[in-house]
Amino acid sequence: MLVIRCPWCGERAQIEFTYRGDATVERPDLEANSDEWYDYVYTRDNPRGEHTEWWHHTGGCRKWFKVRRNTWTHEIISSEPPGSPDSD
Amino acid sequence: MIKSVFKQYSGFSLLRNSLSGHRNWARVWRDPEPKRSYDVIIIGAGGHGLASAYYLAKLHGIKNVAVLEKGWLGGGNTGRNTTIVRSNYRQDGNAHFYEHSLKLWEGLSQDLNYNVMFSQRGVLNLAHSDSEMEKFSERGNAMRLNGIDAELLLPDQIRREVPHLDCSQNTRYPIYGGLLQPRGGTARHDAVAWGFARAADALGVDIIQNCEVTGIRVQGERVVGVDTTRGAIDAGKVGLAVAGNSSRLAAMAGLKLPIESHVLQAMVSEPLKPIIHTVLTSSASHVYINQTDKGEVLFGGDLDLYNSYAQRGNLPRVEYVIQSVLTLFPCLRRVRLMRTWGGVMDMSMDGSPIIGKLPIDGLYFNGGWCYGGFKATPGSGWCFAHTIANDKPHALNEPLSLERFKSGALLDENGAGAFPNAH
């Protein structure tokens, strides 16, 4: 069982949360070419190691936040509200 | 296939070896040192990589081939799946490919002279609502139009077919019917890797275990070889068959893929007498169940749903999957769980696999298998070998190209969109 720290509610069990995915992808400008849109929609770094990702506290405060987690060891390194200066 | 008749497996060889207490069976494949150079290197000695090498040698006459494996043969997802074989797909691109694979399964034990214990016990998808029955009849018709067997079953037929299934109206997900593919079934997963390895080795393919690829060497626009923990090896062509770790290998060539790695768990109960004679699946809670030849009830469900390269998952998923099984089979309530394990899936962005060329000359890709790589093993190797040998895809894997994500010709069976964990 992962224990995930919601920035607003504190540490809670994994089953309260929903996973969304890579939080480092950035939506391109509307004018961007199709290759940039392809990268945004489809390609991912998919690292074995530290990964910054979106989680949703579905069974709690229902807010989105960013978690830094190791995809190989499942160690959770940090969790931050979206847009905070410490997050990627 | 194998030169000496004495090396062929047969009733006679079994009898002959039994006279000496089975102590004199020949080694099944060689353990060669890597050569300096090969025509083709396949990375990954799982079912797909070994099948690719076998068909390269057998059908395309390319025998100067090495299969490189970082661990041991068949130690990844080939040995971790729930052994289900089927071709009950709705989309044309998937349907033709998986049906070709199923046809290869039907002759595989003979072709390889190795018993892969392919058992066509049927794959039955359960429907739990009227609308699901509508979808099943539509998919069943689409399958039949593609020449694939499909039968729509009513609850009474299912009750007779699977007597231990809870078909009452009081269950959490009452059963409205089901879609049966009679030619679907199961196979012995390890035997598939061993059978392909033995047959490929007999044709001259070098299977090199404990040899991890650490780099892909590219000169200009063309691949020229790989770096490994056992030295550099030159190659005219390199094929990746490392589902689970595809992104890491592609990154060695500077490429980014439409894939995420996720952990998928499976588990088995203690052995029981035969009670479940088909493969059963239910989409109400997403679970798939069959009983192995040893009697264990073998089942799995959804991914853990977060990116993972760990070959182990977490208990909330195990609990959920067990609840799903017990909803269908309350009679299993007091059966003990014997083992759980996890494997790392390549989850593609549309839920369908990728077999094709990469944007570097001489570099080919086979991956993105999501939940369903095992059933594809022979078809995947067959198409991958064709693609590598001819430097262009076969008609069967043209729809499975990487370019489909750019062109928009996706193969999204679930209509779930670009969310890898939703497929």
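A: Let's start just past the end of α2(B), where Gly61(B) has a positive phi of about 65°. A word on names: helices (H or I, at least four residues) and strands (E, at least two) are DSSP runs, numbered from the N terminus. Residue numbers start from 1 along each chain as its sequence is written, while chains are lettered from A and ligands numbered from 1, in the order in which they are written. Keep in mind that this is a predicted model, where local features need pLDDT of at least 70, side-chain atom pairs count only at pLDDT 80 or more, and totals for chains, interfaces and linings use all residues.

Now for the helix itself. α2(B) covers residues 47-60, and at 1.5 Å a residue its 14 residues should span 20 Å; the end C-alpha atoms are 19 Å apart, so the two agree. (The expected span is 1.5 Å times one less than the number of residues.)

Is this helix enclosed or out in the open? Because 12 of its 14 residues are buried, α2(B) is largely enclosed by the rest of the structure. Here "buried" means that 20 or more other C-beta atoms lie within 10 Å of a residue's own; 12 or fewer makes it exposed, anything in between partly exposed, and the C-beta atoms are placed from the backbone. Among the buried ones are Gly47(B), His48(B), Tyr54(B), Tyr55(B) and Lys58(B).

And what does the covering? The cover includes the strands β1 (37-43), β2 (65-68), β11 (231-240) and β18 (363-367) of chain B, along with the helices α7 (189-202) and α10 (373-390) of chain B. Contact, here and below, means that the C-beta atoms of two residues, placed from the backbone, lie within 7 Å.

Follow α10(B) onwards and you get to the loop between α10 and α11 of chain B, where Pro393(B) sits. Pro393(B) counts as partly exposed, with 19 C-beta neighbours inside 10 Å. Setting aside residues up to four places away in sequence, Pro393(B) touches Gly356(B), Thr387(B), Glu398(B) and Ser401(B).

Stepping back, chain B as a whole has 11 helices and 18 strands. Its C-alpha atoms fill a box of roughly 65 × 60 × 40 Å along the principal axes. A compact globule of 423 residues would have a radius of gyration near 22 Å, and chain B has 22 Å, which agrees. (That radius is taken over C-alpha atoms, and the globule rule is 2.2 Å times the number of residues to the power 0.38.) Of those 423 residues, 52% count as buried. Among contacts with a separation of 6 or more, 75% come from residues 24 or more positions apart.

Another part of chain B to look at is an open sheet of eight strands, in the order β5-β6-β4-β13-β14-β15-β12-β16, with mixed pairing. The edges are β5 (151-153) and β16 (337-348) of chain B, each pairing on one side only. From one strand to the next, the twist averages 25°. Pairing requires DSSP to find at least two bridges between two strands; β12(B) and β15(B) have six, in the antiparallel sense. One of those bridges joins Leu264(B) to Leu303(B) in β15(B). Across β12, β13 (279-282), β14 (287-291), β15 and β16 of chain B lies α9(B), at about 140° to β15(B). (Axes are lines fitted to C-alpha atoms, for helices over the stretch in contact, and angles run from 0 to 180 degrees between N-to-C directions.)

Some of these elements turn up again where the chains meet: 22 residues of chain B are in contact with 20 residues of chain A. On the chain B side, the elements giving two or more residues are α8 (246-252), β12 (259-271), β15 (296-307), α9 (315-328) and α11 (404-407). That side has 12 nonpolar, six polar and four charged residues.

Of its 88 residues, 19% count as buried.

Key:
Ala, Val, Leu, Ile, Met, Phe, Trp, Tyr, Cys and Pro count as nonpolar, Asp, Glu, Lys and Arg as charged, and the others, Gly among them, as polar.
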